[in-house]
Amino acid sequence: MTTPASTHLIIADDHPLFRDALRLAVASVVSAAKIGEVGSFEDLTAMLEREGDVDLVLLDLKMPGISGFSGLIYLRAQYPAIPVVVVSASDDVETIRRSLDFGASGFVPKRFGVEKLGEAILRVLDGDVWVPPDVDLSAASDPETSKLRDRLVTLTPQQVRVLMMLSEGLLNKQIAYELGVSEATIKAHVSAILQKLGVESRTQAVIAAAKISGSQWRQEEPIAS
C-alpha cells in the first residue's frame, strides 16, 4: 500500500479529544499528511469549499449541523470525488450497512484504538472499503427501507440541506434566510423533495428521513410553512 506524503484529510468531529486521537492515527500511517480539523458541519462545508485538494473526510455521524446520515448524503451528492469514512460510536450492523449504502468508503467504530484507526484509514486511502472484521453485513436489508434509501439518494445537495432543516422544524422563510435564497425557491425544493420521496406532506418527508436513519436523524415536530 502506498500513500503520498501530500495526502490531505479533514477530521470532522465535535469532540476535541477524539479529533486528537484521529490525528495521531493519521500521523501513524501518513506522517506528512496535511490534516484539517472542524467541529461542525458548517465548518466542514466551508473548508471543503475553500480547499479543493481533499483526499479523505473522516466524519462523525453526530455533530452540530447534522444528525445521522444527512451529512453523509449531502457530502456524497456535493463532493462525489472525495471519499468519506464514517467514524462513529454507534457501530451496530444497521448503522454500518446504511453508512455504506449512502456512499461511505468505510466505517470505523470509535471504540477502536489509534493503531486500528490508522490501519483502517490507510486501507481506505489505498482505495479499499474498510469495515470492522467482526461485523456480518450479509443479511438481507428490509425492502421498504431499501426503496426509501434509493429515493433519498436522488436528492440534490441543496434538497438534502432543505430536508435537514425541515427535520429541525424550520419554516420555509427561515430556511430561505439560512440558505440565502428566496422563499419561492424553498417551496420549489420542498415540492421536489415530496415528489422524489413519494410523500404528500413535509411532515411525511421528515418521518421518511427519520425512518431511514432510525434514531440517527434528528426529528423535531415539523411546523407548517
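We'll go stop by stop, picking residues and looking at what surrounds them.

Before you click, note that this is a predicted model, in which local features need pLDDT of at least 70 and side-chain atom pairs count only at pLDDT 80 or more, while totals for chains, interfaces and linings use all residues. Residues are numbered from 1 along each chain as its sequence is written, and side-chain values use heavy atoms, with hydrogens and water left out.

**Stop 1: aspartate 60**

Select aspartate 60, in the loop between strand S3 (56–59) and strand S4 (62–63). Helices (H or I, at least four residues) and strands (E, at least two) are DSSP runs, numbered from the N terminus. UniProt, in an unreviewed entry, places the feature "modified residue: 4-aspartylphosphate" at Asp60; UniProt positions are given in the numbering used here, feature names are shortened, and annotations may be inferred rather than shown by experiment.

Is aspartate 60 buried or exposed? With 5% relative accessibility, aspartate 60 is buried. Buried means under 20% relative accessible area, exposed means over 50%, and partly exposed is in between (1.4 Å probe, protein chains only).

Now show what aspartate 60 touches: leaving out residues up to four places away in sequence, you'll find Ala12, Asp13, Asp14, Ile66, Val87, Ser88 and Lys110. Contact here means heavy atoms within 4.5 Å.

**Stop 2: the salt bridges**

A salt bridge is a side-chain nitrogen of Lys or Arg within 4 Å of a carboxyl oxygen of Asp or Glu. By that rule, the count is ten.

Zoom in on aspartate 13 and lysine 110, whose closest N and O atoms are 2.8 Å apart. Aspartate 13 sits in the loop between strand S1 (8–12) and helix H1 (16–29), and lysine 110 in the loop between strand S7 (106–109) and helix H5 (114–125), so the pair ties together parts that are 97 residues apart in sequence. Both aspartate 13 and lysine 110 are buried.

Next, pick glutamate 37 and arginine 23, a salt bridge with its closest N and O atoms 2.6 Å apart. Glutamate 37 is in strand S2 (residues 34–38) and arginine 23 in helix H1, so parts 14 residues apart in sequence are tied together. Glutamate 37 is partly exposed at 26% relative accessible area, and arginine 23 is partly exposed too, at 32%.

**Stop 3: serine 99**

Jump to helix H4 and select serine 99. How accessible is serine 99? Its relative accessibility is 0%, which counts as buried. Neighbours within four places in sequence aside, serine 99 is in contact with Leu61, Phe69, Leu72, Val86, Ala104 and Phe107.

**Stop 4: the nonpolar cores**

In soluble globular proteins, nonpolar side chains tend to be buried together. A nonpolar core is a set of buried Ala, Val, Leu, Ile, Met, Phe, Trp, Tyr and Cys residues joined through side-chain atoms within 4.5 Å.

The largest one here has 47 residues, and those with the most contacts inside it are Leu44, Leu48, Val57, Leu59, Leu75 and Leu163. Helix H7 (residues 157–167) gives the largest share, six residues. At least three residues come from each of domain 1 (8–126) and domain 2 (143–213), with bounds from an automatic or database domain assignment.

Finish on leucine 48: not counting residues up to four places away in sequence, leucine 48 touches Ile10, Val54, Val57, Leu75, Tyr79 and Ile82.
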